[in-house]
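Work through the exercises below with the sequence and the structure at hand. Each task is followed by a solution in steps.

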Amino acid sequence: MICELFVALAIAVSGQTVRDTSGIVAVFWNLENFFDYEDGGGGDSDREFSPGGTKHWTASKFYRKCDAVAKSLLWMEDAYGRIPDVLGVAEVENRSVPERMLRNTLLRKYGYSVLHRESPDHRGIDVALLYRKSTFRCIASGIRRLDSMATRDILFADLAVRKTGERIAFAVNHFPSKYGGPSTAGRRIAASVALRDLCDSIISSGTSSVVAMGDFNDVPSSSAFNPLKPLMLNLSEPFENAGEGTIRFNGKWDMIDMFWVSPALYGRAEMDIVRLPFLMVWDNVHPGFKPLRTYSGPRYLGGVSDHCPVLLRLR
């Protein structure tokens, strides 16, 4: 009964009329400060998210967050017909974070493999890519570093679908933030140029199907993304036009988590914002529901992130 209710809620959110088990499902989720619980001397954020730090981040809280992420992915399997074949994540401290999550939750049954590289980000957070080995074979992977910026690298992987042999490249992004105001726009333009060059290089090498996903820290209508056009199509634009978004600030939804696809995937790709009913909470200041965070300032809430996940189905 509970699973049926979850499916009904997902259909109401996504507009789907049937539970479809075909195709490939990819998800991106900014997991908001997903640090391990050890102070490894990695800086202020690493110290803050430790048992002795200001957040009092302990092993039990860490594994509770792991369980919440795992429950969310299993909910997506019920709601959308497939557990994600590919999961891109942002704001993980290191490779051990997704690896511990996979080892210590029900996700261990699904055969995920982790791709991750340490980035020069000053907060000590990176992006990572998880893919199911039963769905994909990894042909190649790597990073594209943003010149002269201590920020997150772009992580990419060229994956071959085991059943068909089709190659699909995925690029996971976490663009420079808006912290600091309008003067930061140039950093996102530079990231867009780096992503465009990466996608162009992948397509030129023979893998025509490319998916770029991530937290782009700006809305689809921003001119910061002009370098990506017309090489890539932004699937999130209709959501912004409809007033939808993935993060809620001062009562307004902003669409900053996105999927971009190459021309080879036009007509095959459908995007959705995933509203997880057990990870949404009522906002008493600006009435309406918002994602349940792990912390609000120093106060532990027990959620996962201030971002909603976004989901892509490739038919």
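The exercises that follow concern a predicted model.

**Exercise 1. The open sheet**

Task: Give the strand order of the open sheet of six strands, and state which strands stand at its edges.

Solution. Step one: the order reads E5-E6-E7-E8-E12-E9, and the pairing is mixed. Step two: strand E5 (136-144) and strand E9 (233-234) each have a single partner strand, so both stand at the edges and one side of each lacks a neighbour in the sheet. Step three: helix H5 (residues 185-204) packs on the sheet and touches E5, strand E6 (154-161), E7 and E8. The direction of H5 makes about 25° with that of E6. Step four: inside the sheet, strand E7 (residues 167-174) and strand E8 (residues 209-215) run parallel and are joined by seven bridges. In this pairing, isoleucine 168 is placed opposite serine 209 in E8.

**Exercise 2. Helices H3 and H4**

Task: Classify the crossing of H3 and H4, and describe the residues of their contact.

Solution. Step one: the axes of helix H3 (residues 59-80) and helix H4 (residues 96-104) come within 9 Å, with a crossing angle of roughly 70°. Step two: angles of 65 to 115 degrees count as roughly perpendicular, and H3 and H4 are therefore roughly perpendicular to each other. Step three: H3 contributes Phe62, Tyr63, Cys66, Asp67 and Val69, which meet Val97, Arg100, Met101 and Asn104 of H4. Step four: by class, the residues of this contact are six nonpolar, one polar and two charged. Step five: the buried residues of H4 are Ser96, Val97, Pro98, Arg100, Met101 and Leu102. These buried residues pack against E1, H3, E2, E3 and E4.

**Exercise 3. The nonpolar cores**

Task: Which elements give two or more residues to the largest nonpolar core, and which gives the most?

Solution. Step one: the largest nonpolar core has 41 residues. Those with the most contacts inside it are Leu31, Phe34, Met76, Leu107 and Leu130. Step two: the elements that give two or more residues are strand E1 (24-34), H3, strand E2 (86-92), H4, strand E3 (112-116) and strand E4 (126-132). Step three: H3 gives the most, with eleven residues. Step four: leaving aside residues up to four places away in sequence, phenylalanine 34 touches Phe62, Lys65, Cys66, Glu91, Val92, Glu93, Val97 and Met101. Step five: another core, of 34 residues, lies apart from the largest one; Phe28, Leu235, Trp253 and Met255 are among its residues.

**Exercise 4. Strands E3 and E4**

Task: Are the faces of E3 and E4 buried or exposed, and how do these strands pair?

Solution. Step one: in a regular strand the side chains alternate between the two faces of the sheet. Step two: in E3, Tyr112, Val114 and His116 lie on one side, Ser113 and Leu115 on the other, and all are buried. Step three: in E4, one side carries Asp126, Ala128, Leu130 and Arg132, the other Val127, Leu129 and Tyr131, and all are buried. Step four: E3 and E4 run antiparallel and are joined by five bridges. Histidine 116 is placed opposite alanine 128, and leucine 115 opposite leucine 129. Step five: E2 and E4 also run antiparallel, joined by six bridges. Here alanine 90 has valine 127 in E4 as its bridge partner.

**Exercise 5. Methionine 271**

Task: Is methionine 271 buried or exposed, and what does it touch?

Solution. Step one: methionine 271 is in strand E13 (residues 269-273). Step two: buried means under 20% relative accessible area; at 12%, methionine 271 therefore counts as buried. Step three: not counting residues up to four places away in sequence, methionine 271 touches Leu235, Ser236, Phe239, Met255, Asp257, Met258, Phe259, Val310, Leu311 and Leu312. Step four: proline 238 is 33 residues from methionine 271 in sequence, with a C-alpha to C-alpha distance of 10.0 Å.

**Exercise 6. Backbone exceptions**

Task: Where do proline 230, asparagine 33 and histidine 56 lie, and what are their backbone values?

Solution. Step one: most residues other than glycine have a negative phi, and most peptide bonds are trans. Step two: the peptide bond from lysine 229 to proline 230 is cis, with omega near 5°. Proline 230 lies in the loop between E8 and E9. Step three: asparagine 33, in strand E1, has a positive phi near 55°. Step four: histidine 56, in the loop between helix H2 (44-48) and H3, has a positive phi of about 50°. Histidine 56 is partly exposed, with a relative accessible area of 47%.

Notes. Residues are numbered from 1 along each chain as its sequence is written. This is a predicted model: local features need pLDDT of at least 70, side-chain atom pairs count only at pLDDT 80 or more; totals for chains, interfaces and linings use all residues. Side-chain values use heavy atoms; hydrogens and water are left out. Two strands pair if DSSP finds at least two bridges between them. Helices (H or I, at least four residues) and strands (E, at least two) are DSSP runs, numbered from the N terminus. Contact means heavy atoms within 4.5 Å. Axes are lines fitted to C-alpha atoms, for helices over the stretch in contact, and angles run from 0 to 180 degrees between N-to-C directions. Angles under 35 degrees count as roughly parallel, over 145 as roughly antiparallel, 65 to 115 as roughly perpendicular and the rest as oblique. Ala, Val, Leu, Ile, Met, Phe, Trp, Tyr, Cys and Pro count as nonpolar, Asp, Glu, Lys and Arg as charged, and the others, Gly among them, as polar. A nonpolar core is a set of buried Ala, Val, Leu, Ile, Met, Phe, Trp, Tyr and Cys residues joined through side-chain atoms within 4.5 Å. Buried means under 20% relative accessible area, exposed over 50%, partly exposed in between (1.4 Å probe, protein chains only).
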